[in-house]
Amino acid sequence: MTSFEESRIGMRSRNGRGKVSFKWILILCIISFGLGVLFSNRILVPTEQEDQIIQARRGSVDSESTSEDSATNKKLLLEKEDVVGVLNKANEAIESLDNSIARLRLKLPSTEKSHKTENFENLTAVDIHADSTFTRKKAFMVIGINTAFSSRKRRDSVRETWMPRGKSLLQLEQEKGIVVRFMIGHSSTSNSILDRAIDSEDAQHKDFLRLEHVEGYHELSAKTKSFFSTAVKRWDAEFYVKVDDDVHVNLGTLAATLVRHRAKPRVYIGCMKSGPVLYQKNVKYHEPEYWKFGEPGNRYFRHATGQIYAISKELAEYISTNQPILHKYANEDVSLGAWFIGLEVEHIDDRSMCCGTPPECEWKAQASSVCAASFDWSCSGICKSVERIKDVHAKCGEDTATLWNALV
């Protein structure tokens, strides 16, 4: 064996004797930990003194937080009291103002009300639309007599025959709920001589219903809409009637005719017709929109003749509500019939509302079948009505008792 091999064997023997076991290392660690705990007397648990210190600090923080909250609450209460005080002062001021207004009203207790009552007949369509406090009068029927600026003699002939005047006209309205008015609009020129003439005539007779409408023969459909709209806003009636100023009317008979239909919700009463649609130009009653009615030569739908007709309350209100979008045809009676197409309306064809002038209406009167209205078909009214209406009234008019006993 060489000296080199001997030296390696000696080193191995020394390394083997100096190695420490893992088991002893673990035991030494545990013993060291136990000695540390024993001498320090602490295992991460605070002492009683430290716990008292911690509790004291927490109490200090809580008291500081409580004092801050209390101060904030006091501030909010003060602000709330200030707001309440301001509101109370405002309410006191308002109550004081209300009391002052009430005292002023007591000084003028009835002037406004009496003014409205006295000037009821002088209100125009514009006044009624603008006055939201206006109260409608109850009525059975409102009759609008279509007239023109140039028809003063016709109006006078009506006043002298079938239309009551003065106190009788007012009595008829108050006792029977029958309202009769000449309906007319205004001229295209403000405050013209034509308008002033109507104002003067109305001041004398007090029997006009002024419309917000520009007069013109080709504007009859618009005038009809304006009449129903104005009448509905002024009177709460069961029926609304339109009649021309060259037609003779027996008011009591007309009332008796309408009262038979008062339980029906939507009625359209008159002499129903269905004339040809006149498509030829330069003829009377030419229909520019004839193409809407189909092929040339077709006839109109059923509608009441324009001399006189009556509609119930719901239909008048329908026209008033939808006035801006109701289409106007060239002929007024066609327009009215068109407005009711598509509605649940009962068309009542009553021939007593379109009797001929004597001898026809005279024979019927003698047979105790008095006509509600009379005119000449050939003239679309009484021919030369100013001269003849007195004769028609004498031969076909109802007795006075019929009118005043109507609607009993």
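## Notes on a predicted model: charges, loops and helices

1. What the side chain of Lys176 does reach is the backbone oxygen of Ala406, at 3.1 Å. Lys176 belongs to helix α7, residues 166-176; helices (H or I, at least four residues) and strands (E, at least two) are DSSP runs, numbered from the N terminus.

2. A word on the ground rules. This is a predicted model, in which local features need pLDDT of at least 70 and side-chain atom pairs count only at pLDDT 80 or more, while totals for chains, interfaces and linings use all residues. Residues are numbered from 1 along each chain as its sequence is written, and side-chain values use heavy atoms, with hydrogens and water left out.

3. On to the charge pairs. Side chains of opposite charge can pair when their charged atoms come close. The count here comes to 28 salt bridges. One of them joins Arg155 and Glu201 (2.9 Å, N to O). Arg155 sits in helix α6 (residues 152-159) and Glu201 in helix α8, so this pair ties together parts that are 46 residues apart in sequence. Both Arg155 and Glu201 are buried.

4. Do look at Asp376 and Arg388 too, whose side chains meet in a salt bridge (2.9 Å, N to O). The two link distant parts of the chain, 12 residues apart: Asp376 is in the loop between β9 and α14, and Arg388 is in helix α14. Asp376 counts as buried because its relative accessibility is 12%, whereas Arg388, at 26%, counts as partly exposed. Elsewhere, salt bridges that share partners join Arg152, Arg155, Asp156, Arg159, Glu201 and Asp207 into one network.

5. Another pair worth a glance is Glu215 with Lys223, a salt bridge of 3.0 Å, N to O. Lys223 is buried, with a relative accessible area of 2%.

6. Helix α9 (residues 220-234) is mostly covered, since 13 of its 15 residues are buried. From first C-alpha to last, α9 reaches 21 Å, close to the 21 Å expected; the expected span is 1.5 Å times one less than the number of residues.

7. Ile198 lies in helix α8 and, at 2% relative accessibility, counts as buried. Which residues does Ile198 touch, leaving aside its neighbours within four places in sequence? Its contacts (heavy atoms within 4.5 Å) are Phe149, Arg155, Ile184, Phe208 and Arg210. His186 is 12 residues from Ile198 in sequence and 9.0 Å away in space, C-alpha to C-alpha.

8. Finally, please check some backbone geometry. The peptide bond from Pro358 to Pro359 is cis, with omega near 20°, and Pro359 is placed in the loop between β8 (346-349) and α13 (360-366). Lys206, a residue other than glycine, has a positive phi near 55° and is found in the loop between α8 (193-205) and β3 (208-214). Ser380 also has a positive phi near 55°. This serine is in the loop between β9 (373-374) and α14 (385-396), and counts as partly exposed at 24% relative accessibility.

Methods:
Polar contact = N/O pair within 3.5 Å; in protein donor to acceptor, adjacent residues only side chain to side chain. Buried < 20%, exposed > 50% of the residue type's maximum accessible area, 1.4 Å probe, protein only. Salt bridge = Lys/Arg side-chain N within 4 Å of Asp/Glu carboxyl O.
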